[in-house]
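The sequence and the structure come before the text.

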Amino acid sequence: MADDDKSIVRRRTDEETRNYLRETVETRGNREFDAEEYFLFLRNVFREIKSRLPNVVCDAICTRHVDALFEQAPAAIVIAVLDGLSGVFDQIAFDSRGSHVIE
């Protein structure tokens, strides 16, 4: 595993990202989406957080938001997100929060 300076495990996500994810989960809960709209919605969300994704899936708060968004996510979105984690997959798999998202 990488040293502490490079490790993504248990690094706290910034407030802006936390708020963004909270708002997206609220939007999902307050709005009816058809399949295509939900696919586009999720694609845009995960594009927005792509560079921060490893930190997000290991963050205590953000991991719950990602789980909520994944509940009904199309397979293409799940695959794209997992692909985005490929370089740090081992670190995430051994993190209790990150591994829960991978499940």
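## Model and pair count

The model is predicted. Rings of Phe, Tyr and Trp pair if their centres lie within 6.5 Å, and by this rule the count comes to four aromatic pairs.

One of the pairs joins Phe33 and Phe41, with ring centres 4.9 Å apart. Their planes stand at 35 degrees, so the pair is tilted; planes under 30 degrees apart would count as stacked, and those over 60 as edge-to-face.

Phe33 and Phe41 are both buried. Together with Tyr38, Phe33 and Phe41 form one aromatic cluster.

## Phe46 and Phe70

How is the aromatic pair of Phe46 and Phe70 arranged? The pair is tilted, at 5.5 Å centre to centre and with 50 degrees between the planes.

This pair links distant parts of the chain, the two residues being 24 residues apart. Phe46 belongs to helix H2 (residues 35-48), while Phe70 belongs to helix H4 (residues 62-70). Phe46 and Phe70 are buried.

## Ala80

Is Ala80 buried, exposed or partly exposed? Its relative accessibility is 48%, so Ala80 counts as partly exposed; the exposed class requires over 50%.

The C-alpha atom of Ala80 is separated by 9.9 Å from that of Lys50. Along the chain, Ala80 and Lys50 are 30 residues apart.

Notes: Residues are numbered from 1 along each chain as its sequence is written. This is a predicted model: local features need pLDDT of at least 70, side-chain atom pairs count only at pLDDT 80 or more; totals for chains, interfaces and linings use all residues. Side-chain values use heavy atoms; hydrogens and water are left out. Rings of Phe, Tyr and Trp (its six-membered ring) pair if their centres lie within 6.5 Å; planes under 30 degrees apart count as stacked, over 60 as edge-to-face and the rest as tilted. Buried means under 20% relative accessible area, exposed over 50%, partly exposed in between (1.4 Å probe, protein chains only). Helices (H or I, at least four residues) and strands (E, at least two) are DSSP runs, numbered from the N terminus.
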